[in-house]
Amino acid sequence: MLSFLSFLLFHALIACAYASPDYHERLLLRPLPQDALLASFNFRSNETAAAYEQQNFRLFPRSLGQILQHAHTKELHLRFSVGRWDAENWGQRPWYGAREGSNGVELWAWIEASSEDEAFARWLALVNNLSGLFCASLNFIDATKTIRPVISFDPEGDHAGTSNLHLLHGILPHEVVCTENLTPFLKLLPCKGKAGISSLLDGHKLFDAAFQTMAIDVRPVCETPGQNCVVEMEQTVDMVLDIARSKRPRDNPIPRPRPIEEIECDTSKSYNAPDTCYPLDKKTEPGWKLTEVFGKPLRGACPLTAAEGPESETLCINAPPERTIEVNTTGHYTKSLSASDTLRCYKLPTGAELDLVLPEQRMTTGLIRGQPHLYAARSINGHGQERGSVQAVIKNPSPTDAVEFAYLESLPWFMKPYLHTLRAHVSTSSEDPLKETYYRPAVDRVRGTHLELRLVIPPASTLILTYDFEKAILRYTEYPPDANRGFDAPPAVIRILGPFQSADRKGLYLRTTPLLLSLPTPDFSMPYNVIILTSTVMALGFGNIFNLLVRRFVGADEVPAAGGLKGLIQGRIQRVKGRFGKA
């Protein structure tokens with residue numbers, strides 16, 4: 001088995017930003033178990049602090065820069081995420097979870113303001129402007145969905161000359177992420193998806209992935225405190241593709257079985273017969289191409305990337321040395337290997353398409369997947385429409401090291417926890433794992449609940465965190481159209497503390513899945529029935545009263561016609577009789 005150092009080496013190359021050019025991009029491909037493929041796209045644009053303040057934008061997108069300056073935002077972190085990272089099978093998260101967000105949309109920022117009220121007003125301006133820029137519902141992040149974390153987030157940038165910074169955080173777990181969010185994301189890039197690795201980003205492939213996240217991070221970076229500062233914008237896309245599913249043609253996406261004569265059968269099975277086949281497990285890595293997995297070829301290098309050096313190698317693949325990799329291109333490319341021969345990087349040609357081809361191959365070695373520091377799962381327990389409980393199960397797989405972490409929950413105001421029922425229990429130790437508690441209770445329709453805990457879990461132990469909560473009853477107009485589906489509670493954010501902190505100050509994070517909360521829901525057909533019944537009674541009552549007030553009643557002989565009404569009726573009868581008589 002080969003080491004996981006090549007994957008760490010890739011992130012170390014990304015982290016060295018000081019000697020890098022103004023624009024850099026890189027794509028890392030890493031095969032995962034169960035015929036999956038991790039594709040990590042990374043784009044980084046630098047702008048000097050002086051040019052940024054003067055709005056002299058060169059590579060930094062003007063549309064985003066003006067929004068940040070208007071809202072006095074010094075550091076921004078925006079996430080669009082869909083799916084779940086399978087840590088047990090896929091191993092360590094990409095970027096150690098620092099570029100991963102909660103399901104839906106997650107946003108946190110450091111805003112400069114003289115008071116909390118002023119910071120919140122600028123926060124509202126920020127989310128409303130970002131909502132229009134990214135075609136998302138960020139404007140729904142109001143006071144009820146905004147919290148101020150204490151220990152779960154630290155600034156990644158250098159803010160030595162800035163004072164009065166306020167951290168605000170908001171999550172929209174019900175937000176649907178789709179191609180209308182990808183298009184503004186690509187427009188922020190210098191090559192805008194026309195060249196470079198961004199040319200592989202296709203909405204059909206990205207949102208068909210089992211897991212995908214798009215991240216935008218803006219922070220100031222200085223070589224020395226307050227000197228030689230740049231404003232760095234980093235855009236990241238991570239997605240896990242199913243190779244077999246991605247290779248299906250777009251015009252024929254329905255999987256169909258192959259004819260039995262084309263399938264290699266396991267003849268050692270007792271039930272093998274001419275009309276019965278058990279597929280033979282060849283224990284091979286599936287073959288694939290970039291054009292098959294992403295649906296289109298890589299359109300060369302972006303001209304703004306570096307021409308020489310490690311920064312010019314924009315395409316890397318993490319695979320065992322024995323894995324055969326072929327390159328198809330009409331241009332000139334260069335190839336380099338890492339010290340362990342597990343990371344192969346390529347310098348893309350400019351103006352020429354490039355395709356990587358990995359044929360089907362039997363493998364004897366593989367890559368060791370990094371083990372996560374923690375595993376976490378969260379669920380709702382209980383029954384009924386009045387009360388419930390939340391249970392979080394957090395496991396430390398390390399047999400030697402204890403892990404200290406911060407646990408953050410932002411709950412909606414209609415989900416009211418009972419803090420006195422909070423329990424943290426570790427089966428292997430009698431010591432209380434709960435060290436600190438930060439709690440801000442909810443106020444109905446004003447703000448949500450902010451619960452932040454600092455805990456320590458011993459080696460090879462499982463921590464169970466539980467608390468009870470009460471469900472509130474909403475007003476009739478506060479229910480969404482799909483009220484019977486339930487309400488989404490944001491995922492819990494877990495930050496690893498202690499000696500595991502990364503040198504680039506990005507932190508180590510993992511997030512649980514969101515919760516689906518069912519609330520007491522009225523029968524929305526009753527208002528319809530009431531309206532129909534009321535309208536019927538009003539129509540009958542009003543019609544009768546209107547007839548009594550307006551209609552004039554007269555006798556049959558008083559009708560102003562020849563012979564009165566009686567003569568008119570008799571004349572009609574005689575004409576009808578005459579017609580039948582002629583017939």
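Tutor: Start with a cut-off: a residue counts as buried when its relative accessible area is under 20%. Keep in mind that this model is predicted.

Take Asp 217. Its relative accessibility is 2%, so Asp 217 counts as buried. Its side chain meets that of Arg 79 in a salt bridge, at 2.9 Å from N to O. Asp 217 sits in strand S7 (residues 211–224) and Arg 79 in strand S3 (residues 73–83), so this pair ties together parts that are 138 residues apart in sequence. Arg 79 is buried, as is Asp 217.

Asp 217 also forms a salt bridge with Arg 99, where the closest N and O atoms are 3.2 Å apart. Arg 99 belongs to the loop between H4 and S4, while Asp 217 is in strand S7, so the pair ties together parts that are 118 residues apart in sequence. Arg 99 has a relative accessible area of 1%, so Arg 99 is buried too.

Side chains of opposite charge can pair when their charged atoms come close.

Now move to Arg 511. Its salt bridge is with Glu 106, and the closest N and O atoms are 2.9 Å apart. Arg 511 lies in strand S26 (residues 508–511) and Glu 106 in strand S4, so the pair ties together parts that are 405 residues apart in sequence. Arg 511 counts as buried because its relative accessibility is 8%. Glu 106 counts as buried because its relative accessibility is 0%.

Some of these bridges share partners. One network joins Arg 79, Arg 99, Glu 156, Asp 217, Glu 234 and Lys 506. Within it, Glu 234 forms a salt bridge with Lys 506, with the closest N and O atoms 3.7 Å apart. The total count of salt bridges comes to 21.

Next, the domains. Domain 1 covers 2–254 + 265–362, and domain 2 covers 375–517. Their C-alpha centres lie 27 Å apart. Contact involves 34 residues of domain 1 and 34 residues of domain 2. Between them, about 2900 Å² is buried, and carbon and sulfur atoms give 56% of that area. On the domain 1 side, Thr 144, Ile 151 and Ser 152 supply 21% of the area buried against domain 2, more than any other three residues.

Polar links cross here as well. Three salt bridges run between domain 1 and domain 2. Across the same interface, 12 residue pairs are in polar contact. Helix H4 (87–90) and strand S4 (104–112) each supply at least two residues of the side of domain 1 that touches domain 2. By class, that side has 14 nonpolar, eight polar and 12 charged residues.

Finish with Thr 421. This residue lies in strand S20 (residues 415–426). Its relative accessibility is 15%, so Thr 421 counts as buried. The Thr 421 side chain reaches the backbone nitrogen of Asp 468 at 2.9 Å. Leaving aside neighbours within four places in sequence, Thr 421 is in contact with Thr 466, Tyr 467 and Asp 468.

Methods. Residues are numbered from 1 along each chain as its sequence is written. This is a predicted model: local features need pLDDT of at least 70, side-chain atom pairs count only at pLDDT 80 or more; totals for chains, interfaces and linings use all residues. Side-chain values use heavy atoms; hydrogens and water are left out. Domain bounds come from an automatic or database domain assignment. Contact means heavy atoms within 4.5 Å. Buried area is the accessible area (1.4 Å probe) that two parts lose on being put together, summed over both. A salt bridge is a side-chain nitrogen of Lys or Arg within 4 Å of a carboxyl oxygen of Asp or Glu. A polar contact is a pair of N or O atoms within 3.5 Å; within protein, one must be able to donate a hydrogen and the other to accept it, and residues adjacent in sequence count only if both atoms are side-chain atoms. Helices (H or I, at least four residues) and strands (E, at least two) are DSSP runs, numbered from the N terminus. Ala, Val, Leu, Ile, Met, Phe, Trp, Tyr, Cys and Pro count as nonpolar, Asp, Glu, Lys and Arg as charged, and the others, Gly among them, as polar. Buried means under 20% relative accessible area, exposed over 50%, partly exposed in between (1.4 Å probe, protein chains only).
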